[in-house]
Amino acid sequence: MPNWDEYKEIARERGALAVELYVIESVPITAVEELQKTLPAHLAYQKKLENEGKIFMAGPTSDASGKVMPGSGMMVYRASSLQQAKEWADGDPMHNQRLRRYTVRKWLVNECDPAIISIIKKMRE
């Protein structure tokens with residue numbers, strides 16, 4: 001497999017969107033009661049990032065059964081680098097108060113729903 005930047009160029013050459021976003025997977029490391037206390041600050045932080053155009057998508061995720069909401073979530077950031085995405089994730093009260101841990105990964109969006117293709121293409125400019 002080629003390195004990331006080589007693959008991104010290959011994807012663009014074949015006509016893929018090749019828009020780089022950053023996926024943050026956030027999972028609880030404390031009791032739900034502690035998460036609930038910090039939820040208003042977390043949501044306010046998310047809203048701030050949204051208003052600044054930094055969040056593409058965000059929301060809670062279920063467990064593997066799809067029936068339980070364990071307090072985990074996923075955010076997709078419009079960051080310019082992995083480091084910037086980490087800085088934004090570190091600013092989340094759930095993370096900086098050590099109530100959740102997170103991972104950050106680059107995500108290369110190659111295909112998407114035609115209804116949002118123009119939005120995705122603008123992100124590449």
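Colleague: Which residues does Lys 8 touch, not counting residues up to four places away in sequence?

Modeller: A contact here means heavy atoms within 4.5 Å. By that rule Lys 8 touches Ala 18, Glu 20 and Leu 108. Please note that this is a predicted model, in which local features need pLDDT of at least 70 and side-chain atom pairs count only at pLDDT 80 or more, while totals for chains, interfaces and linings use all residues. Residues are numbered from 1 along each chain as its sequence is written, and side-chain values use heavy atoms, with hydrogens and water left out.

Colleague: Where does Lys 8 lie, and is Lys 8 buried or exposed?

Modeller: Lys 8 belongs to helix 1. Helices (H or I, at least four residues) and strands (E, at least two) are DSSP runs, numbered from the N terminus. A residue is buried under 20% relative accessible area, exposed over 50% and partly exposed in between, with a 1.4 Å probe and protein chains only. Lys 8 has a relative accessible area of 17%, so Lys 8 is buried.

Colleague: How many helices and strands does the protein chain have?

Modeller: There are five helices and four strands. Read from the N terminus, their order is α-β-α-β-β-α-α-β-α. Of the 125 residues of the protein chain, 33% count as buried. The C-alpha atoms fill a box of roughly 50 × 35 × 30 Å along the principal axes.

Colleague: How should I read the pairing of strands, and with which strands does strand 3 pair?

Modeller: Two strands pair if DSSP finds at least two bridges between them. Strand 1 (residues 19-28) pairs with strand 3 in the antiparallel sense over five bridges, and Tyr 22 has Tyr 77 as its bridge partner in strand 3. Strand 2 (residues 55-61) also pairs with strand 3 in the antiparallel sense, over six bridges; there, Ala 58 has Met 75 as its bridge partner. Strand 3 is mostly covered, as five of its six residues are buried.

Colleague: How is a pair of aromatic rings described, and how many such pairs are counted here?

Modeller: A pair of aromatic rings is described by the distance of the centres and the angle of the planes. Rings of Phe, Tyr and Trp (its six-membered ring) pair if their centres lie within 6.5 Å; planes under 30 degrees apart count as stacked, over 60 as edge-to-face and the rest as tilted. The count by this rule is one aromatic pair. The rings of Tyr 77 and Trp 88 have centres 5.5 Å apart and planes at 75°, so the pair is edge-to-face. Because Tyr 77 lies in strand 3 (residues 72-77) and Trp 88 in helix 3 (residues 82-90), the pair ties together parts that are eleven residues apart in sequence. Tyr 77 counts as buried at 0% relative accessibility, and Trp 88 is buried with a relative accessible area of 11%.

Colleague: What should I look for in helix 2, and where does its kink lie?

Modeller: An α-helix has 3.6 residues a turn, so residues three or four places apart point the same way. Helix 2 (residues 32-51) has 20 residues and reaches 27 Å from its first C-alpha to its last. That is close to the 28 Å expected at 1.5 Å a residue, where the expected span is 1.5 Å times one less than the number of residues. The bend at a residue is the angle between axes fitted to the seven residues ending there and the seven starting there. In helix 2 a kink of about 50° lies at Thr 38, shortly before the proline Pro 40.

Colleague: Which residues of helix 2 are buried?

Modeller: They are Leu 35, Thr 38, His 42, Tyr 45, Gln 46 and Leu 49. The buried residues of helix 2 pack against strand 1, strand 2, strand 3, helix 3, helix 4 and strand 4. Glu 33, also in helix 2, is exposed at 54% relative accessibility.

Colleague: Which residues other than glycine have a positive phi?

Modeller: Among them are Ala 18, with phi near 55°, and Arg 98, with phi of about 60°. Ala 18 lies in the loop between helix 1 (4-13) and strand 1 and counts as buried at 0% relative accessibility. Arg 98 is in the loop between helix 4 (93-96) and strand 4 (100-109), and counts as exposed at 65%.
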